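Please read the points below alongside the model.

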Amino acid sequence: MTNRRMRAARFHGVGTPLEIEEVPYPEPGPDEVVVRIAACGVCGSDVHFLEDLPVPAPLPMTLGHEPAGLIESIGKEVRDWAPGDRVALSIGEGCGTCRTCRSGHPNSCLSLVVPGIHVDGAFAEAIRVRADALVAVPEGVSLRAAAVATDCVASPYHGLACRGRLEPGERVVVIGVGGLGGQGVALSRVLEAAMIVAVDTSPTALERAKQAGATHTILSQPGADLAAEISELTDGGADLVLECVGAPDAVSLGTQVLRPGARLVLVGVGIEPPRIDVPLAMFGLRELTVLGSFGSHKRDLVEVLQMQADGLLDIDSTISHRLPLEKVAEGLEMLRTKKGDPQRIVIEMEP
Ligand SMILES: [Zn+2]
Ligand SMILES: [Zn+2]
C-alpha cells in the first residue's frame, strides 16, 4: 500500500453538486487493472442520479461511467493487457456465470457492477476495473471519442443492431435526438436504413440530426399530431422505432407509428411505466414487438470503435464541450438545463 492520492468528483446525495476531493489512489486486484483516465463522458444518467434516480452504491461515491484512458498498472493474474495500452470501458459486463449472462444478456445481469454506478467511477484521475471489462481503442480513434463511444454510441447501437436487428433498407424513426438519439441517427445511416425520421422538441437537435444523416425531421410541438405525421411520412409506419426520451408519451408515440411486424426499442431511461396506446386487438393483429435495451455488450463497443476507426462515424464532431475535472458539476448543470445547447460533454484530465 502506498499513500498516493488523487482527485475525484464525489457524489454525496440527491440535490448536492459533486465535490472534488482527495481520495486514495486505486490499486489493482489480481484480475484488475488501473486505468489512468484521459476522458470520461458526462451522461444523462449522471443528471438523473443527482436529481432522483437512486444510485445502487453506498455514498459518497465517485460518478462517471464512460471512461477511456491508458492502462497504468495490472494485477498479477492479468495476461491480456500491458501498461500503456489504450482502452475504453465496456459497461455491460455481467458476472459471466449466472443464467442471465449465459443466455446472452450480460448487461442485464443482477450482479452487474458498473464503475460510476455501482462502485467508484471515472470522474477521477484513475479508476480500478476488471481487466475483462476493457476494450482496446483502435489507432486513430481519440480517447475522448472512445469515452463517448462507451455509452452514448454503444447503447443506441445495441438497441438498433443487437436488440432491434435493423436491416438495410428499413425505415427508422428515432424519437428524441439529443445525445444517444443523435448517435442513433448516425448509426442508422451506417446500418443503411433507407429512411431515418428524427423527432424532437428542439430545432437545434433536429438540425444536428439532419447533418448526422436524418432524411426527415419532425418538430414535436404542443397540439401536433405526430403519429399521423410520421405514419404518412413512412407510408404506413416504421419498421423500427428507437425511443430515446424515456417518457411514457414518447413510448406511446412509438407504438402508434409501427407498421405490422415492426419493433419498438426502448433505450430511454425513465422511472415511469411505459404507455402503449394501441388497442390490444391491433397490437396482436399487427404482431408488434416492444423491446427493452440497456447499455451494450462488449461486441457492440468493439464494433462502434471500429466504425469510428474506419471513418464511418465522426464521434469527435459530436463533442460540444470539453471540461476539466474541476468543472464536472458545471457540466452536469449544463446538461440538466440544456444551457449552451450541449450535444455531448466530456471531462478531460490534464496530460
Ligand atoms: Zn451513460
Ligand atoms: Zn451474471
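1. Burial is counted here from C-beta atoms placed from the backbone: a residue is buried if 20 or more other C-beta atoms lie within 10 Å of its own, exposed if 12 or fewer, and partly exposed in between. The model is a predicted one, in which local features need pLDDT of at least 70 and side-chain atom pairs count only at pLDDT 80 or more, whereas totals for chains, interfaces and linings use all residues. Residues are numbered from 1 along each chain as its sequence is written, while chains are lettered from A and ligands numbered from 1 in the order in which they are written.

2. Why is glycine 254 classed as buried? Glycine 254 qualifies because 33 other C-beta atoms lie within 10 Å. Glycine 254 belongs to helix α7, residues 248–256; helices (H or I, at least four residues) and strands (E, at least two) are DSSP runs, numbered from the N terminus. Beyond its neighbours within four places in sequence, glycine 254 is in contact with Ile175, Val241, Glu243 and Leu264, where contact requires that two C-beta atoms, placed from the backbone, lie within 7 Å. Its C-alpha atom is separated by 8.3 Å from that of valine 173, which is 81 residues away along the chain.

3. Helix α5 (residues 203–212) has Ala205, Leu206, Arg208, Ala209 and Ala212 as its buried residues. Viewed down the axis of α5, these buried residues fall within an arc of 160 degrees, so they line one face of the helix; the arc is that of the directions from the helix axis to the C-beta atoms. Pro203 and Thr204, on the other side of α5, are exposed. The cover over the buried residues of α5 includes α4 (179–190), β10 (195–200) and β11 (216–219). After α5 comes glycine 213, which has a positive phi, near 130 degrees.

4. In helix α1 (residues 44–51), the residues Asp46, Phe49 and Leu50 are buried. They cover an arc of only 95 degrees around the axis, and therefore sit on the same side of α1. Among the elements that cover the buried residues of α1 are β1 (5–11), β3 (32–42) and α10 (328–337).

5. Of its 11 residues, 10 are buried, so β3 is largely enclosed by the rest of the structure. Strands count as paired if DSSP finds at least two bridges between them. Strand β5 (residues 67–74) runs antiparallel to β3 and is joined to it by seven bridges, with arginine 36 opposite leucine 70. Strand β7 (residues 126–130) is also antiparallel to β3, through five bridges, and here valine 35 stands opposite isoleucine 127. Four bridges pair β3 in the antiparallel sense with strand β16 (residues 345–348), where cysteine 40 faces isoleucine 347 as its opposite residue.

6. A further sheet is open and has three strands in the order β2-β1-β4, with antiparallel pairing. Its edge strands, each pairing on one side only, are β2 (19–24) and β4 (61–62).

7. Which domains does the assignment give? It gives domain 1 (5–153 + 296–348) and domain 2 (165–292), with bounds that come from an automatic or database domain assignment. The C-alpha centres of the two domains lie 28 Å apart, and 13 residues of domain 1 are in contact with 10 residues of domain 2. On the side of domain 1 that touches domain 2, α1 and α3 (143–163) each supply at least two residues, and the largest share, three residues, comes from α1.

8. As for the whole protein, there are 10 helices and 16 strands, and 48% of the 351 residues count as buried. The radius of gyration is 20 Å, which agrees with the value near 20 Å for a compact globule of 351 residues; the radius is taken over C-alpha atoms, and the globule rule is 2.2 Å times the number of residues to the power 0.38. Along its principal axes the C-alpha trace spans about 65 × 40 × 35 Å. Among contacts with a separation of 6 or more, 70% involve residues 24 or more positions apart.
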